[in-house]
Amino acid sequence: MKSNAYGAVAPTAWPKTVRALHWLTVMVILATFALILGREFLDDDDLQAPLLQWHRYAGMAAWLITLARIPLRSMADAPDHELGAMARKVSSAVHGLLYLMLLAMPVIGYLLVCARTGKVDFLGMPLPVLIARNRDLAETIETIHGVIGWTMLGLIGAHAAAALWHHFFVKDNVLKSMLGSRPRLN
């Protein structure tokens, strides 16, 4: 471990809870995309409806996980990755956008379900309908949901590529700090 500017020892990895919620989020987000994209390849309406419903459940789960992640991550003692000023700003911006999208996407999806169907449930439990059924509004919300979804997927790809870049080319501990493995001892 290394001391920071104040003499405190900076950890080499994120706390286990932060890492666990990060990887749980990854799995749930991959599931949401797989469910909605997998639905596009099916001609059978009997299979499309359950995939859409499970996509909705996964989106709600992602939102709940994100609500737990934000305070835990903000209170966690973060590893010092020794990034330059510009890299630190880019990293903060990407993380901020990802968290914003993780919060916004399920809310937009929720509003979409309200506008499209007039009813919402989570695992069979009815939830409040926030806006009245409205086909035109549903189409607009669906477009917004799709644009943000693809943008989010691009940011996730950039985030993963940056982690791999740090691991294989910069050879620092950025990726390992989220994996929880031992740091490089160079």
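Visitor: In what order do the elements of the chain run from the N terminus on?
Guide: The order is β-β-α-α-α-β-β-α-α. The chain has 5 helices and 4 strands. Helices (H or I, at least four residues) and strands (E, at least two) are DSSP runs, numbered from the N terminus.

Visitor: What should I know about the source?
Guide: This is a predicted model, where local features need pLDDT of at least 70 and side-chain atom pairs count only at pLDDT 80 or more, while totals for chains, interfaces and linings use all residues. Residues are numbered from 1 along each chain as its sequence is written, and side-chain values use heavy atoms, with hydrogens and water left out.

Visitor: What does the C-alpha trace span along its principal axes?
Guide: About 60 × 30 × 30 Å.

Visitor: And what share of the chain is buried?
Guide: Buried residues are 32% of the 186 in the chain. Buried means under 20% relative accessible area, exposed over 50%, and partly exposed in between (1.4 Å probe, protein chains only).

Visitor: On to packing. At what angle do helix 1 and helix 2 pack?
Guide: About 160°, with the axes 8 Å apart. Axes are lines fitted to C-alpha atoms, for helices over the stretch in contact, and angles run from 0 to 180 degrees between N-to-C directions. Helix 1 is therefore roughly antiparallel to helix 2. The classes are: under 35 degrees roughly parallel, over 145 roughly antiparallel, 65 to 115 roughly perpendicular, the rest oblique.

Visitor: Is the crossing of helix 1 and helix 2 left-handed or right-handed?
Guide: Helix 1 passes helix 2 in a left-handed crossing. A crossing is left-handed if the near helix is turned anticlockwise from the far one by less than a right angle, and right-handed if clockwise.

Visitor: How do the residues of the contact of helix 1 with helix 2 divide?
Guide: Into 16 nonpolar, 8 polar and 3 charged. Here Ala, Val, Leu, Ile, Met, Phe, Trp, Tyr, Cys and Pro count as nonpolar, Asp, Glu, Lys and Arg as charged, and the others, Gly among them, as polar.

Visitor: What about helix 3 and helix 4, at what angle do they pack?
Guide: Helix 3 (residues 85-117) and helix 4 (residues 135-170) pack at about 155°, axes 9 Å apart. They are therefore roughly antiparallel to each other. The crossing of helix 3 with helix 4 is left-handed. Their contact has 18 nonpolar, 6 polar and 3 charged residues.

Visitor: And how far apart are the axes of helix 1 and helix 4?
Guide: They are 12 Å apart, at an angle of about 135°. That makes helix 1 oblique to helix 4. The crossing of this pair is left-handed too.

Visitor: How much space lies in the second largest pocket?
Guide: About 810 Å³. It is lined by 33 residues, and the closest to its centre are Ile36, Leu52, His55, Leu112 and His145. Helix 3 supplies the largest share of this lining, 10 residues. The lining of the second largest pocket divides into 17 nonpolar, 9 polar and 7 charged.

Visitor: Is glutamate 82 buried or exposed?
Guide: Exposed, at 54% relative accessible area.

Terms used
1 Å grid on protein atoms, 1.4 Å probe; cavity = no way out; pocket = protein on both sides within 12 Å on 5 of 7 lines; lining within 4 Å. Points joined across faces, edges and corners; volume = space filled by probe spheres on them.
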